[in-house]
Amino acid sequence: MIQLRNIQKSFGNQPVLKGIDLTVKKGEVVSILGPSGSGKTTLLRCINFLERPTEGEVMIDDITVSSQKGSKKEILTLRKKTAMVFQQYNLFRHKTVIENVMEGLIVVQKNSKETARKLAMEVLEKVGLTEKANAYPVQLSGGQQQRVGIARALALNPEVILLDEPTSALDPELVGEVLEVIKRIAEEGITMIIVTHEVSFAKDVSDYIVFMDQGEIVEEGTPTVIFNNPKEERTKRFFKRINREAGILESNLSSVI
Amino acid sequence: MQIDIPFIFMALIEIFKALPLTIIITLVPLIIGFLIGIGITIIRIRKVKGLYSLANFYVSFLRGTPALMHIMLIYLGFPLLIDKLAVTFRWTFQSTSIPILLFVLMALSLTAGAYMSEIIRAGILAVDQGQLEAAESIGMTNFQAMRRIVFPQAIAISLPNLCNIFIGFLHTSSIAFIVSQKELTGATNIVASNNLKFLEAYIAAALIYWGLTIISEKVTALLEKRVTVYNRGGVI
Amino acid sequence: MDITLIFDFFPKLISYLHITLLILVAAVAIGLVIGVVIALIRIYKVPVLNRLAFIYISFMRGTPILIQLFLIYFGLPALLTLVHIDASRANPLLFVAITYGLSCGASFAEIIRGAINGVEKGQAEAAYSIGMNEKQMMVRVILPQALVIAFPNFANSVIGSLKDTSLAFTIGVMDMVGRGNTLIATSLHALEIYLTLSMIYYGVVICLEKGFSLSEKKLQRFEGSLSAEK
Ligand SMILES: Nc1ncnc2c1ncn2[C@@H]1O[C@H](COP(=O)(O)OP(=O)(O)OP(=O)(O)O)[C@@H](O)[C@H]1O
Ligand SMILES: [Mg+2]
């Protein structure tokens, strides 16, 4: 179980997160939606302390790391229990696909090279990239790179995978393959927190939806409740705008076709 | 004007025998300087208290003064220091028993350290911040992330600069002749004055340095291809 | 060692700074002329000359300044005897200025060429697209942008040359270092003298760096205001 308690974060004196409380149960997939600049990325980065919160604490299983007192060692333990998938993939450029996946297995989890290679191959199988195992990241398409990013996270068998807009840097025709992979691992019961703008994907894959605006959680609940029956004005407006944009996109497409 | 072409060939052979010393005076400082450079870079990036301004001054001063000064300061100053220490600690050791070469190597190592630290720092800063974050997100310590992910990429990025500094130090090593080292330039000087054929001797020396430089450039081009294999066809 | 001696030596040595700076200014001036010519030859790939320019640059990049200095010092008078000029008594400053000028010329040529090639291709195309001819395109569009690109490298190169001037004494030039060496012979305080020399060099380098970085900011502001106008 993952629990965030009163997470606050300011950059300078600009508050970006204003006290976030969130509980994610084991095996749950939680999607965070919200307008640009609402603090979604920051929240995700606070969970593994890539960004140290100004206030509050993060609890995963038996360990609790608090914003101020969290020591280097505690943060490291926290990071060993989490993994992250980045918007810009951030694959290690100087390592091949399989080396990217093996890196954490060897350096962090102290597996032998052979074990790591075996485990990595299994994970690559899951994301459908075994034949690219010896390619370098630059030789892959964006979609393939992101699937390696997911494999790198998955290989570590973390308590939770944090995904920050995993498909928003991708060309539209490559989004599908990545969402497909995420969906598949969601069905395996891996806990995930996903920041995404893909509303229909979120509806499809999530057990729980969190809607954020201006550094706060405005509304949260099951997808059925949030999408069909939002209570808050801000949530309604957000979905209305999203739908309108989607509509425009579709009409544009149809006019092109 | 008369140029004794056969003498140039003779001089080439004679001078070339001094190559090992030139290589030593080039490579040893670069290797030690590389280590110093890493240390300085860590201090500067981590902003280590107390050492930070000292490191900045070291880099600025050594880059701001001619290498000749470094050699002379160490060559003249270090023996004084040693002798003073010898007196205080009652060593029987005398500074005159230290070969001059050692002072040259020390001085140029300090010089190289300053230039290296700039190269390494630039390389590290050129590595995408996301690489470090990705490494830390999978639970690596900052040190592991730097050593395994950031540093190798920084070195690959720095390769052209490292080649330049190698060529630079190959040429700088010629200054050592001023403190009577018999490396390429020192040997040239001897060949020239023994035979009173200065122009020919220096033409020979120029040819040797020129050849060495061209070889270094070719080797770097090869290395660059290998090391940055992961960049092939990709944008940086 | 006697630190207070530095105060004695400082005025004696700095009174020779102008020689050092003279060498630098002469070298940069000669270097700029050579650099521009060579860069043009290489950019326009003038037949034969392009090849020669390439060899010249490769040679200057491939040999230590010290060796170049000796080559000119011994070689130039020998060459001049062919046209019956006796240069054996010429002021060594002349040889130094020529050597450092040739050396600067080679680096400046590469810096200029790199900067011109470094200007985005689209800029030239845009200039042609609004009907400029090649010269207008070069002068009005490419060169101003190339200048900004070239400037930091140019500054580095000049500072490098200043440090190189410390070797001029090897052919008997009476600059700061040359003067320092005569002082050593009479005073036997070599360490203090080299300390003083280092301080002077460091001071000059710091001043040059400050000056260059100010000019660079000016240049870039000029760039900024240009783009703001557009
Ligand atoms: N390192 C930083 N320094 C200063 N301000 C920051 C920093 N990172 C984020 N911010 C600010 O915090 C706010 C929230 O940013 P964040 O990236 O978390 O938003 P987001 O919800 O992820 O937006 P998007 O959907 O565009 O990715 C923004 O106003 C942003 O400008
Ligand atoms: Mg974001």
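Biologist: To start us off, how many residues of chain A are in contact with how many residues of chain B? After that, please take me through helix α4 of chain C.

Modeller: Happy to! Bear in mind that this is a predicted model. The predictor gives the complex an ipTM of 0.90 and a pTM of 0.86. On your opening point, 25 residues of chain A touch 24 residues of chain B. Between chain A and chain B, about 2,200 Å² is buried, with carbon and sulfur atoms giving 59% of that area. On the chain A side, Phe92(A), Arg93(A) and His94(A) lose the most area to chain B, and together they make up 28% of what that side buries. An unreviewed UniProt entry annotates residues 2-239 of chain A as "domain: ABC transporter"; over that span the chain is 39% helix and 26% strand, with its end C-alpha atoms 27 Å apart.

Now for the helix in chain C. Helix α4 runs over residues 65-82, which makes 18 residues, and spans 25 Å from its first C-alpha to its last, close to the 26 Å expected at 1.5 Å a residue. There is still a kink of about 30° at Gly75(C), shortly before the proline Pro77(C). Both Gly75(C) and Pro77(C) are among the buried residues of α4(C).

Just after α4(C), His84(C) adopts a positive phi of about 60°.

Chain B also has a record worth a glance. The unreviewed UniProt entry marks several stretches of chain B as "transmembrane region", including 55-78 and 199-216. Residues 199-216 of chain B are 100% helix and 0% strand, with the end C-alpha atoms 26 Å apart. Residues 55-78 of chain B are 88% helix and 0% strand, and there the end C-alpha atoms lie 20 Å apart.

Finally, a word on confidence. Chain C has a mean pLDDT of 90, and 96% of its residues reach 70 or more. Over residues 225-230 of chain C, however, the pLDDT is below 50, and this stretch has zero contacts in the model beyond near neighbours in sequence. Where pLDDT is low, the predicted coordinates should not be read in detail.

Key:
Residues are numbered from 1 along each chain as its sequence is written. Chains are lettered from A and ligands numbered from 1 in the order in which they are written. This is a predicted model: local features need pLDDT of at least 70, side-chain atom pairs count only at pLDDT 80 or more; totals for chains, interfaces and linings use all residues. Side-chain values use heavy atoms; hydrogens and water are left out. Helices (H or I, at least four residues) and strands (E, at least two) are DSSP runs, numbered from the N terminus. The expected span of a helix is 1.5 Å times one less than its number of residues. The bend at a residue is the angle between axes fitted to the seven residues ending there and the seven starting there. Buried means under 20% relative accessible area, exposed over 50%, partly exposed in between (1.4 Å probe, protein chains only). UniProt positions are given in the numbering used here, feature names are shortened, and annotations may be inferred rather than shown by experiment. pLDDT is the predictor's confidence in each residue, from 0 to 100. Contact means heavy atoms within 4.5 Å. Buried area is the accessible area (1.4 Å probe) that two parts lose on being put together, summed over both.
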